[in-house]
Amino acid sequence: MRYYHIIIPYYDPQAYQRMDLVHALNCPNSSSLPIDSSPSSTTPLPILPFSRLFLPSNLAMARDAHRPPFLLLLLLLLELAVGSVERTPLILPLQRHHGESTRASAQSNRFVYRRHLQKEEDSSRPNAHMRLYDDLLTNGYYTTRLYIGTPPQEFALIVDSGSTVTYVPCSSCEQCGNHQDPRFQPDQSSTYAPLKCNPDCSCNSDLNQCTYERQYAEMSSSSGVLGVDSISFGPDSQLPPQKATFGCENSETGDLYSQHADGIMGLGRGQLSIVDQLVDQGVISDGFSLCYGGMEVGGGAMVLGAFGTYPGGMVFAKSDPVRSPYYNIDLKEITVGGKALKLDPKVFDRRHGTVLDSGTTYAYLPEQAFTAFRDAVIGELHSLKQIPGPDPNYKDICFGGAEKEVSQLSKSFPDVEMVFGNGQKLHLSPENYLFKHSKVEGGYCLGVFQNGKDPTTLLGGIIVRNTLVTYDRHNNRIGFWKTNCSELWQQLDLIRAPSPAPTLPPSPSNSSSSLAPALPPLAGQIEVGVITFDMAINVTYEILKPHLNEVAKYIAQELDIDFQQVHIMNVTDKGNYTLVRLAIYPAGSDKFMSNAFAMDIINRLAEHRVKLPDDLGSYQLLEWNVEPPSNRSWWQRHFIGVLIGTIMVVILSISVLLIYLRKKRNAGPNTYRPVDAPVPEQELQPI
């Protein structure tokens, strides 16, 4: 007997994870339905009332020509019988069918078929090179830029390997939050088309368009309709725009409603995954890579498509697509300070196994593994004291008195290793399992938590900071390469140098049609002397001119810097908008800014996290530049200014002197009197 589409609630109040909850239990044509995953064979199956299993919406999915006619007739008769009497629950046994129609064998055959087709041509296919923005712990996620439609409409999407559907808010959405970018307008795209209703999807009430619905572990949800449009991947991509199916949201709840990012970019396994769609079209090879920036750095890189040659020293772990629908790895052991935790390797192989999820912030271990890991870390800390966490609502495990520099944390905290089934080891530095205490300088907290009562091991983004993670789906493995993700472009020579941004936008009133300027990483500990950038503000010069100081103050306030650091360099009237060039200098007597600080400022501007008052309109970041601190002395830097000031003082002094002499000459030495004017008598003084 086959299984049907059932939503299983799963909730861990401590887990800040975006892990899909919609499970397709061996549903017919499941590979083409808008679903995200299926549980393992060991997952207990729920028993539902018969009336919930066979509603008309479920029967719509049952229109499969391969289903035996007598089964359809039997289901229909049973439904009618139940509808004619009081609906008492009818308990049906759900048993996994291991024939060739199972999801497991279907997926396995699909992957084998794909590998057979690709063979050795993977390395010759172009890649979509994309930049990552935001910060793992500040925002809870990383985003990339995706451009949908013709002309392209820009969206900031969370990269999520645990989801399959890519979706953005639709202009018709009645329950969508205020996000980073304007909502998608289907009627403004000349290439948009709704995905018409078919037997392989759920349909809307009008039965004319496919729909999707997603629920997540933190109890947020998204639902809407499916459409097809041209999708482009930004200025650094070798891949031209491609047709792809995506979701246009009509409703969102929970964190999806309140988050700043626009939506989700689904990278998981499934027919609606953007990766699967591009692979099935033959435009990229079967794989993708993510590289998250380190602590206090943020940003990173993403590549859709496989590498021609993998970096030397990359560590690989097996990933079984049949074992679990998520990207799993065969973790066998964890060592802390060189000592293996006393655990049965099977502890990491329960339920979904060990899952790698880019949409999850922290790491979550089964209870037994978490306890052993926590105790082992604490046992290695001899000079640090345990302190309360930053949020009293959570029982974070935190320590004070550690080194302030991230690069020096290994002096206080032990190194950790993950050992895979093939014997290869992934080294984790302290930044891969700690996060900074927000209220105590030199304080750090464990970024590894207990996964409630769920026996799944869930590894979020914190585990792979400053690590290139390659999802080699073609060979059913995941690779790890420790590197500085801020320097990934240079190290792998993946992309050309970022092209300069256009001088002016095509239309600042429709900024979604212009691509944001590329953000090349600032490698190493670069000292930044000044940041300059051009903004197109969508108001006329006459309106903006009286408020230029306000603009500078708002920018300083939004960037959390001093007002004196922001200088307006130039203002140009461009008709229906105003071009403003600004510069940001180091604070006070500082000679430079750190590269992390500079990139944070640039990212905030590029991602429109700087909000101007409504009466000053919106803006588009056109171009930016950073310059190192000047090596000249104070006199060399200010010679011209001092010279001009001295000349002005001299000219002013001479002018004042000339005016004084002129007045004195006009007055003369004595006052003129007529000859016959009476002279007052003067008393004679004795000789």
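Buried means under 20% relative accessible area, exposed means over 50%, and partly exposed lies in between (1.4 Å probe, protein chains only). This is a predicted model, in which local features need pLDDT of at least 70, side-chain atom pairs count only at pLDDT 80 or more, and totals for chains, interfaces and linings use all residues. Residues are numbered from 1 along each chain as its sequence is written, and side-chain values use heavy atoms, with hydrogens and water left out.

**Disulfides**

- A disulfide is a pair of cysteine sulfur atoms within 2.5 Å.
- The search of the whole structure finds 6 disulfides.
- Counting bonded cysteines along the protein chain, the pairing pattern is 1-8, 2-3, 4-6, 5-7, 9-12, 10-11.
- One of the disulfides links Cys173 and Cys176, with sulfur atoms 1.9 Å apart. The link of Cys173 and Cys176 is right-handed, with 90° about the S-S bond. Both Cys173 and Cys176 are buried.
- Cys201 and Cys210 also form a disulfide, and their sulfur atoms are 2.0 Å apart. The torsion about the S-S bond of Cys201 and Cys210 is about -70°, so this disulfide is left-handed. Both Cys201 and Cys210 are buried.
- Cys197 is joined to Cys203 by a disulfide, S to S 1.7 Å. Cys197 has 26% relative accessibility, so Cys197 counts as partly exposed. Cys203 counts as partly exposed because its relative accessibility is 25%.

**Helix H12**

- Helices (H or I, at least four residues) and strands (E, at least two) are DSSP runs, numbered from the N terminus.
- H12 covers residues 595-606, which makes 12 residues.
- The expected span of a helix is 1.5 Å times one less than its number of residues. H12 should therefore span 16 Å, and its end C-alpha atoms are 16 Å apart, which agrees.
- H12 is mostly covered, with 9 of its 12 residues buried. Those buried residues are Asn595, Ala598, Met599, Ile601, Ile602, Asn603, Arg604, Leu605 and Ala606.
- The buried residues of H12 pack against helix H11 (548-558). They also pack against several strands: S31 (527-528), S32 (530-537), S34 (578-584), S35 (593-594) and S36 (619-627). Contact here means heavy atoms within 4.5 Å.

**Loop backbone features**

- Thr150 and Pro151 are joined by a cis peptide bond, with omega about 0°. Pro151 sits in the loop between strand S4 (143-148) and strand S5 (153-160).
- Asn466 is a residue other than glycine with a positive phi, near 55°. The loop that holds Asn466 runs between strand S28 (457-459) and strand S29 (467-472). Asn466 counts as buried because its relative accessibility is 15%.
- Asp560 is not a glycine, yet has a positive phi of about 60°. Asp560 lies in the loop between H11 and strand S33 (566-573). The relative accessibility of Asp560 is 59%, so Asp560 counts as exposed.
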